[in-house]
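Good morning, and thank you for coming.

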Amino acid sequence: MAATATRFLRLSGALLLIGWLMFAFGRSAGAQTPPADPLEPGRQLYNANCAVCHGVDGQGRIGAALAKDWPSIRPDLTVETIIENGVPGSVMPAWSVANGGPLSPAEIDAIVQYILSWQTGGAPQITPPPTATLLPPITPIPEIDGDPNQGARLFAENCAVCHGEQAQGRIGAALAKNWAGIRPDLNLRAIISNGVSGSQMPAWSAARGGPLSDGDIQDLVAFILTLSAKQAQAAAPSPAASPAPGESPFSGWGGVAALLALLLVIVGLAALIQRRKP
Ligand code: HEC
Ligand code: HEC
């Protein structure tokens with residue numbers, strides 16, 4: 001009996017160790033981080049918020065080219081101030097939280113560092129293309145022209161920065177809503193083509209100096225109207241968010257082994273105690 005209990009304890013101790021090792025190993029393998037590039041946070045923020053207008057490499061698009069030398073003793077302060085306050089009279093929004101924008105001082109700082117790295121003499125940059133997210137196919141609304149799937153791609157590239165990834169609104173209005181009117185498609189097409197004067201909403205049509213073709217804009221309209229349709233039938237509340245995988249200490253095989261070992265330890269201890277009893 002004593003031998004059995006001791007063997008039990010040894011076995012479960014070994015298992016506990018194996019479980020812990022597997023868990024720790026899984027952790028470090030999962031938490032793999034590439035060598036820290038000090039410009040990386042700025043790069044990501046820039047790609048998410050600014051590339052749409054200033055180009056991925058700062059070459060300019062709707063907005064001015066930013067890959068240039070800034071004629072200033074403190075270019076960092078110049079660029080920072082512009083980002084914080086925007087450019088009044090243009091579509092360049094004010095980005096700082098203090099001015100009603102979405103970016104914190106630290107985030108703006110990171111973007112400034114990134115932009116200044118484009119100055120001659122700045123670190124050479126290899127900019128990864130923005131990661132494309134795979135979207136489930138969208139069923140078009142029969143009576144609306146345009147391809148909503150193409151529209152979703154265009155939306156992510158051009159509009160999400162201001163209207164939010166789910167068109168829930170950010171700097172710009174929420175677009176996932178019910179559009180009043182008999183022909184909301186025509187209304188939307190006009191707004192997207194011409195912009196909203198006096199706001200940061202740019203004109204997107206090539207005819208108005210924007211980067212999108214009429215076909216692109218029709219695809220966007222088709223996409224936005226599917227959001228509205230979804231919004232209308234969104235009676236069901238979304239399920240509660242489940243914790244991200246890998247966060248629980250008892251997830252994965254390492255966790256299973258650790259739990260098993262713990263159980264064995266308890267059983268073994270119980271056996272020992274039983275034996276000690278006179
Ligand atoms: C909707 C388009 C748009 C977005 C998005 C946008 N900008 Fe701009 N930005 C502009 C326009 C337009 C100008 C004004 C260009 C001009 O002077 O004619 C501008 C000007 C600037 C300037 C001054 C350029 C110069 O030469 O003086 C900086 C710096 C700048 N933007 C940085 C940013 C940063 C950083 C972001 C992201 C956080 C951003 N912009 C997002 C459109 C945009
Ligand atoms: C630089 C930010 C910015 C970008 C980029 C932008 N928008 Fe806007 N958009 C706005 C703002 C701000 C308004 C709100 C104007 C208002 O009603 O005051 C707006 C308004 C709109 C409206 C009208 C909303 C309403 O309720 O009447 C539509 C539609 C729209 N945007 C579509 C788009 C589409 C499609 C794109 C991409 C091709 C886009 N926007 C890109 C800022 C932006």
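How do the residues of the shell around ligand 1 divide into nonpolar, polar and charged? In this predicted model, they comprise 17 nonpolar, four polar and one charged. In total, 22 residues surround the ligand, and the closest are Cys50, Cys53, His54, Lys68 and Met92. His54 places a polar side-chain atom 2.8 Å from a nitrogen atom of ligand 1, while a polar side-chain atom of Lys68 is found 2.7 Å from an oxygen atom of the ligand.

Helices H3 (51-54), H4 (75-85) and H5 (105-116) each contribute at least two residues to the shell, and H3 gives the most, with three.

I turn now to the salt bridges, of which there are five. Glu40 and Arg43 form one of them, with N and O 2.8 Å apart. These two residues stand three apart in helix H2 (residues 40-49), so about one helical turn separates them. Glu40 is partly exposed, at 25% relative accessibility, whereas Arg43 is buried, at 5%. Both belong to a network of salt bridges that also includes Asp37.

A further salt bridge joins Glu157 to Arg153, with the closest N and O atoms 2.7 Å apart. Here the residues are four apart in helix H6 (residues 148-158), again about one helical turn. Glu157 is partly exposed at 44%, and Arg153 is partly exposed at 39%.

Finally, Arg183 and Asp185 meet in a salt bridge at 3.0 Å, N to O. Arg183 is partly exposed, at 48% relative accessibility, but Asp185 is buried, at 7%.

Definitions and conventions: Residues are numbered from 1 along each chain as its sequence is written. Chains are lettered from A and ligands numbered from 1 in the order in which they are written. This is a predicted model: local features need pLDDT of at least 70, side-chain atom pairs count only at pLDDT 80 or more; totals for chains, interfaces and linings use all residues. Side-chain values use heavy atoms; hydrogens and water are left out. A residue is near a molecule or strand if one of its heavy atoms lies within 4 Å of it. A polar contact is a pair of N or O atoms within 3.5 Å; within protein, one must be able to donate a hydrogen and the other to accept it, and residues adjacent in sequence count only if both atoms are side-chain atoms. Ala, Val, Leu, Ile, Met, Phe, Trp, Tyr, Cys and Pro count as nonpolar, Asp, Glu, Lys and Arg as charged, and the others, Gly among them, as polar. A salt bridge is a side-chain nitrogen of Lys or Arg within 4 Å of a carboxyl oxygen of Asp or Glu. Buried means under 20% relative accessible area, exposed over 50%, partly exposed in between (1.4 Å probe, protein chains only).
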